Amino acid sequence: MVPDPTESRGGLAGFRVTPGDPASPVVLHLPHAARRIPAEVRSGLLLSDDALDAELDRVTDHGTDVVAGRAAGAAGIRPWTFSNLLSRLVVDPERFPDDREPMNAVGMGAVYTRTSLGAPLRTDDTAVRNQLLDRWFHPYAGAMADLVDARLAAVGRVTVIDVHSYPAGRLPYEIGGDRRPPVCLGTDPVHTPAWLLAAARQAFAGCGEVAENTPFAGCYVPLRHYGRDRSVTAIMIEMRRDAGPTGSAWTRLANALARLIDALDDVQRR
């Protein structure tokens with residue numbers, strides 16, 4: 001993986017907001033679909049270009065941007081979309097940036113120090129970690145929280161749909177996760193009410209087995225709202241990536257996601 005030599009520290013955006021319908025309460029969140037690594041971050045990674053490409057193949061959520069884009073276009077009311085434009089190897093915006101994060105135990109917290117295979121990725125340096133958090137993590141978290149606040153002000157409630165994909169085989173870094181169903185729904189005890197889980201199960205019923213919190217658990221809620229605002233609901237959709245995004249399985253998943261978006265819009269109008 002060769003970084004873009006034209007990148008500058010102040011000139012590269014870490015995220016993109018794609019506007020949806022002003023009446024939509026739905027935000028699609030795509031945190032792990034990108035592979036891009038800024039030049040100044042690449043210089044601090046310990047992997048060769050070939051090893052880095054292989055790691056990106058393992059940890060990137062392939063196809064989620066395609067599935068989410070198709071679903072957004074097919075939905076009756078277009079949702080808003082918040083996309084990470086950088087690889088999760090820069091920072092992982094879905095992790096807690098502190099000691100609450102369980103993936104710290106395997107070197108894959110908000111700033112990874114280990115690869116998915118357990119090899120060293122970057123030096124475990126507190127100053128570097130804080131620089132990466134300040135440059136990339138906190139602006140991302142703030143922008144996502146601002147989008148949620150704007151949707152709350154506009155329509156009174158928000159549902160964040162966290163869109164991920166995972167390989168058919170378990171990677172060494174995973175805590176648990178031997179079962180690999182076609183679809184996993186990640187939930188939160190505060191922010192995933194029963195009606196939202198039921199709507200997701202119904203929407204994805206035609207996609208094979210739909211499991212809850214296996215192989216991965218939880219869902220993304222901005223830290224500004226996490227555990228505080230029940231008008232912000234959330235669910236994670238994890239899709240097993242058996243085939244590429246042009247395959248029939250991915251078409252079914254995109255259609256299912258569009259059905260879920262439409263169901264949430266129906267809830268908003270009631």
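Student: What should I know before reading the numbers?
Tutor: The model is predicted, so local features need pLDDT of at least 70 and side-chain atom pairs count only at pLDDT 80 or more, while totals for chains, interfaces and linings use all residues. Residues are numbered from 1 along each chain as its sequence is written, and side-chain values use heavy atoms, with hydrogens and water left out.

Student: How many residues are in the largest nonpolar core?
Tutor: That core has 44 residues, and Val27, Ile37, Leu52, Phe82, Leu89 and Trp136 are those with the most contacts inside it. A nonpolar core is a set of buried Ala, Val, Leu, Ile, Met, Phe, Trp, Tyr and Cys residues joined through side-chain atoms within 4.5 Å, where buried means under 20% relative accessible area (1.4 Å probe, protein chains only).

Student: And which residues does phenylalanine 82 touch?
Tutor: Leaving aside residues up to four places away in sequence, Phenylalanine 82 touches, among others, Val27, Leu30, Tyr140 and Leu147, a contact being heavy atoms within 4.5 Å.

Student: New topic: how many disulfides are there?
Tutor: The structure holds zero disulfides, a disulfide being a pair of cysteine sulfur atoms within 2.5 Å.

Student: Is cysteine 184 buried or exposed, then?
Tutor: Cysteine 184 is buried, with a relative accessible area of 0%, and cysteine 219 is buried as well, with 16%.

Definitions and conventions:
Buried means under 20% relative accessible area, exposed over 50%, partly exposed in between (1.4 Å probe, protein chains only).
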